[in-house]
Amino acid sequence: LKIGALPGDMISKGGAAFKDMLKPTINIEQVIANTIGELKKESKLVVLTVEITVREKRSSTKRTLWDTLSLGETIVEVLVTGNKVQYIVPTAVISKDTFRWDASRGEVTIDIPCPVLDEDIVEIQSDPAHIEVRKDIGWGRLESRSGAFLEQQIRRDLRSHVIREGKNELLIERARRNAEQAIRDIFEQFMKKEKVEVPVRVRIN
């Protein structure tokens, strides 16, 4: 009887071993699905928010008497602190193809696009406490009015200046590191729930 029971016992053990072999793949697929679902809850993943300081200077020279007499040069400098920008990863580009499970190496690779500055959300400071205006008025100019146009120009262009400063390579690099860590954290959170642990590589394209 013992010998006769052996084939069935072997089949039972073999079936269990086969299920155990499939289990990591099944769990990883669930982790991937959960991660995609979490990321897709919003249209974009915000990975970094920073304050931007803008210092802009402009000048103008005025002449009179048929351009023979200079009334001097007026210089206006505006310093604005506390402007804010954010960097995002658009989640529309994230799909199953973003994740690759290498069963032979037991490793997951996640490819995501480089974060970009979100030009839809740019906060320009309007609090006078954060705005400093300095004027150097030309000797022959009417001080009450001189420099007003230059100041208006600078204020009008503040948004474009903030965006320009926000595209600094150092800030983009910070956003890249944050994006990598944010995606990794979400993936590892779902790995814990599924009770699976494998190496994860996040690559920024």
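**Figure 1. Sequence separation of contacts in the predicted model.** In this predicted model, 80% of the contacts between residues at least 6 apart in sequence join residues at least 24 apart. The chain contains 4 helices and 7 strands. Along the sequence, these elements follow the pattern α-β-β-β-β-β-β-α-α-α-β.

**Figure 2. Burial and accessible surface of the chain.** The chain has 205 residues, of which 37% count as buried. Its accessible surface comes to about 13,100 Å². Carbon and sulfur atoms account for 52% of that surface.

**Figure 3. The largest nonpolar core.** This core comprises 44 residues. Those that touch the most other members are Val-47, Val-85, Tyr-87, Ile-110 and Phe-187. Helix 4, spanning residues 169–193, gives the most to the core, contributing 9 residues.

**Figure 4. Surroundings of Val-85.** Val-85 belongs to the group of core residues that touch the most other members.

**Figure 5. His-161 in helix 3.** His-161 is located in helix 3, which covers residues 158–166. The relative accessible area of His-161 is 7%, and this residue therefore counts as buried, the cut-off being under 20%. Beyond its neighbours within four places in sequence, His-161 is in contact with Val-54, Glu-56, Arg-58 and Ile-154.

Notes. Residues are numbered from 1 along each chain as its sequence is written. This is a predicted model: local features need pLDDT of at least 70, side-chain atom pairs count only at pLDDT 80 or more; totals for chains, interfaces and linings use all residues. Side-chain values use heavy atoms; hydrogens and water are left out. Helices (H or I, at least four residues) and strands (E, at least two) are DSSP runs, numbered from the N terminus. Buried means under 20% relative accessible area, exposed over 50%, partly exposed in between (1.4 Å probe, protein chains only). Contact means heavy atoms within 4.5 Å. Accessible areas come from the Shrake-Rupley method with a 1.4 Å probe; for residues, only the protein chains shown count as cover. A nonpolar core is a set of buried Ala, Val, Leu, Ile, Met, Phe, Trp, Tyr and Cys residues joined through side-chain atoms within 4.5 Å.
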